[in-house]
Amino acid sequence: MKKNIAVAGNSGPKVRSDCEILLELKSDGGITIDLISKVKVLYGESIKNLINEILDLFGIEHARVKITDTGALPFVLAARMESAIKQLISTDLEYLPEFLTINNYSTTRERFRFSRLYLPGNAPGLMINAGLHSADGIILDLEDSVAPSKKDEARILVRNALRQISFNGAERMVRINQGEMGLEDLNFVIPHNVNLILIPKCESPEYVKQVERKIGTIRKKFNISNQVYLMPIIESALGVENSFDIALGSDNVVALAIGLEDYTADLGVARTIEGNESLYARSRIVVAAKAARIQPIDSVFSDVADTDALKNNVKTSKALGFEGMGCIHPRQISVIKQGFAPDRSEIEKSEKIVMAFEEARKKGLGVVALGSKMIDPPVVARAQKIIDLAVSLNLISGDWINEVRSLEN
Amino acid sequence: MPIKTVKNAAGRFVPLEINGQPVIPFKGVGKHKPGGRKYAPPVPTCSDYPDDGNKVVSTLEEALRKCGLCDGMTISTHHHLRDGDLVSNKIFELASAMGTKGLVWFPSASFPCNDPVIRYLDDGTVNRIEGSMNGPLGRYVSEGKMEGTAVLRSHGGRVQAIQDGEVKIDIAVLAAPSADPFGNAKGTGGPSACGVIGYAKADYMYASKVIVVTDNLVDFPCFPMEIEGTYVDYVVVVDKIGIPDKIVSGTTQITRSPDRLLIADLTASFLEKSGILKDGITMQAGAGGTSLAIAVFVHEILKNKGWKSKFGFGGSTKYMVKMLEEGQMGYILDAQVFDLDSVRSIEENVNHIPYPVFNAYNYHSYQHDGYNDSWCY
């Protein structure tokens, strides 16, 4: 017997900004909509109009719809309704909410990726204000944070979120699933301006190429000009061994991330705060990324409440050469950003070194000295890198040399 | 009968009389000059109690009888035992059993634990409440079930009404975590410590009769006394005046909501960038999760800038205590205490000073909010 009842979405005492929709297809009697909502008085009419519009698009004339609403915005209601319909009817139609023009921006290869905030792909309540917290990137996750039975509805929700939520200029990222499912995910997200795709548990350059080809096909079909960058996540021993090749897997790979929960599981060891068990892998990723001239990005730190431990973790991470870290809670963002940005003493030391280098060059000296210390060219290069970073983060002005000089005089 | 109303300075029509007593319509900022008196109510004399100064009577009922409890009297209480208060309800339970009718309950605030008072509003023991009415008590009042008209009073306005004789307290029943037999009392010590009992000051000074109820009778003198025994008529010792973990929270916590933390962070940096927050600032901080978080961010700014707040005005929490202890705050002037760290601080730290609300927020007191380098959040 053909299934004629479907349920999509979430409800329950702790669920907010979401809804659960039960759809029963009928053979007669028209459309009946039963709405349970705290905001029924204010939005009942518009919710029912939206549901009718969607049913109309999919050509459904007779059905019973029961909505248990906990404050779902229209893009969430639409996603849940579409998910319910697609469980019962096979169709290529999509109900696309308006694409906000503010969301149509591209990013660059070199931009900072210090902090990127993970958002579970099927939890709209966490998405709505995510853009307020100034993360460098926002990741809508279709992989580990979504239950296997909810994969289909998460794709539609994430698609609608990409169209309707402003992330305030954060790089718009999606983490797809592994393997074939991941390639299928791309159909749902690439047409809606994704800046970067995270490829989880990546073990080979071939898979990167597959993702790249699929994105190319979709971009062509939808005539998309914005670039879509790639960030493979290395989460296994094999991935670590192949990391340099993966980094070179496509010109669009801009960063290489490491995922330590799965990596330590693959090794069969416990993940510790000190992280000795992953030191080799982390260093190897840093070296592979730097050799490929892309950004090495560290694993998330999972104890959300322990800010001091996070601070230490960022310190170690930065010292190893990483240039960013994932966040699983907004309160980690500022700690991570501050941790990866150069601090006052680093900047001051670098200013002195670069100025000494300029002096020496003017005087035609082959050797740079700061006080009684000789300074090698790589030290100057590193200082220059820190200065560039500080300037681009607005920590010092572009005209810092003259400002420092005027202070000295 | 239609109610006689008059247009006040805010353009609202307000009654000239509530519960049969005249009220003063708002005249505009700074226009009203109330005439408070420093004397008026009777003060106990030494011939009223034994030569040894021992004013202890055996039960609250006996104390109420000796105070001459009768129909229509105004009974005041303070709210320092917060949601753990075991005294206020007891008064009306006894009054009901004694057959008293039409009392006015005049608390400095009420809490959900005071819901049983509804029973005594129903049976006519209590005619009305003047003070704050929240939760089920508030709903009862909103539904028009209370016989008299409710009068909502701000903390400062309540003190002023007492000082100016707008409200005459017949009997003040004041719970005290520590008291001596003469009636000196304070908010610290004993099993029901609440830190300070400053809201009781106008009550003990201006009530016709004063009963101190304690579960921790100490030797004379109970020092530093927040209630001065000179003004007290009777002392009652009971098993328990309160439920400790409902009096103060074990610990007050800042919000964990990322959105609220962001609001707190932005608020603190707004205060800094607008020049409102500066060296020598005086401040007040609330006990809610978001305002506590603002205090934490403000503390960071004070530390980074090397600034020091002249004083903080309590309600105190551990976050304000931290500013005091780490040197970013000169004094805490404290009208009420919200958590155990603050109770500890007020017992240990001479710069953490009980500061009755008597001295703030009304016509007769220092106007913190209007002072030019002060701010509240």
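Predicted model: local features only at pLDDT ≥ 70, side-chain atom pairs only at ≥ 80, totals over all residues.
1. Just after helix α10(B), Gly327(B) adopts a positive phi of about 90°.

2. How many of the eight residues of α10(B) are buried? Six are, so the helix is largely enclosed by the rest of the structure. The buried ones are Lys318(B), Tyr319(B), Met320(B), Val321(B), Met323(B) and Leu324(B). If you look for what covers them, you'll find helix α9 (289-305), strand β15 (309-313), β16, α11 and β17 of chain B among the elements involved.

3. Now turn to helix α11 of chain B, residues 340-348, where Asp341(B), Ser342(B), Val343(B), Ser345(B) and Ile346(B) are buried. The cover over these residues includes α10 (318-325), β16 (329-334) and β17 (352-354) of chain B.

4. At what angle do α10(B) and α11(B) pack? The angle is about 40°, and the axes are 8 Å apart. Angles under 35 degrees would count as roughly parallel, and the two helices are therefore oblique to each other. The crossing of α10(B) past α11(B) is left-handed. On the α10(B) side the contact uses Lys318(B), Val321(B) and Leu324(B), while α11(B) brings Asp341(B), Ser342(B) and Ser345(B).

5. Staying in chain B, have a look at strand β9, residues 171-176. Six of its six residues are buried, so to speak a strand that is mostly covered. Which residues sit on each face? Ile171(B), Val173(B) and Ala175(B) are on one side, with Ala172(B), Leu174(B) and Ala176(B) on the other, and both faces are covered.

6. Strand β6 of chain B (residues 74-77) pairs with β9(B) in the parallel sense over two bridges, and here Ser76(B) stands opposite Ala172(B). Strand β12 of chain B (residues 209-214) also pairs with β9(B) in the parallel sense, over six bridges. In that pairing, Val210(B) is the bridge partner of Ala172(B).

7. Where do the two chains meet? Four residues of chain B are in contact with six residues of chain A. On the chain B side, the touching residues are three nonpolar, no polar and one charged.

8. Chain A has 15 helices and 14 strands, and 42% of its 409 residues count as buried. Its C-alpha trace spans about 90 × 45 × 45 Å along the principal axes. Among contacts in chain A with a separation of 6 or more, 71% are between residues 24 or more positions apart.

9. The sheet to look for in chain A is an open one with eight strands, in the order β11-β10-β9-β8-β7-β6-β5-β12, and the pairing is parallel. Which strands are at the edges? They are β11 (295-297) and β12 (325-327) of chain A, each pairing on one side only. From one strand to the next the twist averages 25°.

10. Two close-ups of that sheet. Strand β6 of chain A (residues 137-141) runs parallel to β7 of chain A (residues 171-175), with five bridges joining them; Ile139(A) has Met173(A) as its bridge partner in β7(A). Elsewhere, helix α10 of chain A (residues 279-291) lies across β9 (229-234), β10 (255-258) and β11 of chain A, running at about 175° to β10(A).

11. Last, a helix pair in chain A: α13 (residues 344-362) and α14 (residues 377-392) pack at about 125°, with their axes 8 Å apart. That angle makes α13(A) oblique to α14(A), and the crossing is left-handed. Residues making the contact include Ile347(A), Val354(A) and Phe357(A) of α13(A) and Val380(A), Ala383(A) and Ile387(A) of α14(A). By class, the contact residues divide into ten nonpolar, two polar and two charged.

How values were computed. Residues numbered from 1 in each chain as written. Chains lettered and ligands numbered in written order. Axes fitted to C-alpha atoms, helices over the stretch in contact; angles between N-to-C directions. Helix = DSSP H or I, 4+ residues; strand = E, 2+ residues; numbered from the N terminus. Parallel < 35°, antiparallel > 145°, perpendicular 65-115°, else oblique. Left-handed = near helix turned anticlockwise from the far one by under 90°. Contact = placed C-beta atoms within 7 Å. Nonpolar A, V, L, I, M, F, W, Y, C, P; charged D, E, K, R; others polar. Pairing = 2+ DSSP bridges. Buried ≥ 20, exposed ≤ 12 C-beta atoms within 10 Å, placed from the backbone.
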